[in-house]
Amino acid sequence: MVSLAGSQIPSPGQSPCAASAAARSQRRAGHSMRTIRSALLQPDSCPGSPHAMVDAADSDMENLTDSVIDFHLRELAATAGPAHPAAVAKSSSANAAATEMLELSRDFSDYSSFNSDISGELERLAAAAATPRSDAPEVGAVDLNELESMDLSVEAAPLERVEPFVLACVQALGPDAAPDARRTAAARIRLLAKHRSDIRELIGVSGAIPALVPLLRSTDPVAQESAVTALLNLSLEERNRSAITAAGAIKPLVYALRTGTAPAKQNAACALLSLSGIEENRATIGACGAIPPLVALLSAGSTRGKKDALTTLYRLCSARRNKERAVSAGAVVPLVHLIGERGSGTSEKAMVVLASLAGIVEGRDAVVEAGGIPALVETIEDGPVREREFAVVALLQLCTECPRNRALLVREGAIPPLVALSQSGSARAKHKAETLLGYLREQRQGGGGCRSVEPVAASSLAR
């Protein structure tokens, strides 16, 4: 759980603008995030394809009622406690390994220049501008419709000018406000939080976050989508993530991930990715049922939805329990299918997630059963240069502590392409191929089974 002690709440008589300025003087350098966009071939629907997994995932989601989620959260809270130093060291080592593996792909999760307008936001705002002005709430002399044409650059809109609009939006989000007023206010908060860090901080200390959370369960899809995206935009400011968590947003965000429009689901996945930057949130997000709908996005989502789901799954699966949940939710079959989507970056992401799931016995078994070894060997044979390296990482994770999988790899004809890669690939790819070839040459005595291993890290393979 996250304490409210670290949240910046304005004291009586202190304006949100002043509180925001104080917060900025103390904050750590934050990160923004960018969701990658690129063309992706849609998988064909056929028996045994990842589309067949959607019904199973939906069934899991239907069974995960609020009471079951609450039980999991109480169980999680009961088991939480001071960690043993050795466990902390092991966790730190595993996290470092996972981070290094993730960094193999610059495009996987780049927190450098995220643009939150990722779901047709501008088109919807343009459409909203055509609606009657009576839909927009007015508080005192502030007309929220002015935000549609306001220049929100730092020069044209200093915080002192923006603050009355933020306060008006917060007032319009109140529980006694009309539904139309709340929907419009959520859309305006979404717009205000889009570009500037200082405005996101201002909104974060104004009371808007707890006012937005109830809209995540709204039966109005427009209101729900605006609330989801507003919280996503606000979460780009590191200080706001704790406030969003403390406001109880994780469980409703998972609800929006399950029930929302396609853009709402995608933005909910991104919001959960942002909140998972707080390590303690990862177990909570998994316990709230986020894994099955993320798996469903792998199969039935848009191009961007699949990439968002892959990135979020990778982050969540740094927790072992979430690996187990992902395997149980049927994530491996669509991941193996996505390996064949060459040249878009999606294949790389799928292989990195597969390598993470292969860190547990159940994951390795599922990858083998789904035909993951032939797909990875084929990538090493004729895939693009970067994808070959990711394929070797995944195969190393599958084979490091599993002689049975090594035998399957030899039977699949992996030695010739691995030898070729060890001679002609990048320095990193050469060493990984040589390491895997070394495993294949070992004469093991018995012990044909497999056991859990930590993720294979780039550093562990360095010369």
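**Salt bridges in and around the helices**

Modeller: D198 forms a salt bridge with R196, and the closest N and O atoms of this pair are 2.8 Å apart. Please keep in mind that the model is a predicted one. Side chains of opposite charge can pair when their charged atoms come close. D198 has a relative accessible area of 17%, and because buried means under 20%, D198 counts as buried; R196, with a relative accessible area of 9%, is buried as well.

D198 belongs to helix α8, where I199, R200, E201, L202, I203 and G204 are also buried. Since 7 of the 8 residues of this helix, which covers residues 197–204, are buried, α8 is largely enclosed by the rest of the structure.

Turning to helix α16, which covers residues 303–316, we find D308 and R304 lying 4 residues apart, about one turn of the helix, and their side chains meet in a salt bridge with an N to O distance of 2.3 Å. D308 is buried at 4% relative accessibility, and R304 is buried at 9%.

In helix α17 (residues 320–328), E324 and R320 are likewise 4 residues apart, about one turn of the helix, and they form a salt bridge at 3.2 Å, N to O. Here, however, E324 is partly exposed, with a relative accessible area of 22%, and R320 is partly exposed, with 41%.

Elsewhere, D180, R183 and D220 are linked in a network of salt bridges, and a search of the whole structure finds 11 salt bridges.

Terms used:
Residues are numbered from 1 along each chain as its sequence is written. This is a predicted model: local features need pLDDT of at least 70, side-chain atom pairs count only at pLDDT 80 or more; totals for chains, interfaces and linings use all residues. Side-chain values use heavy atoms; hydrogens and water are left out. Buried means under 20% relative accessible area, exposed over 50%, partly exposed in between (1.4 Å probe, protein chains only). Helices (H or I, at least four residues) and strands (E, at least two) are DSSP runs, numbered from the N terminus. A salt bridge is a side-chain nitrogen of Lys or Arg within 4 Å of a carboxyl oxygen of Asp or Glu.
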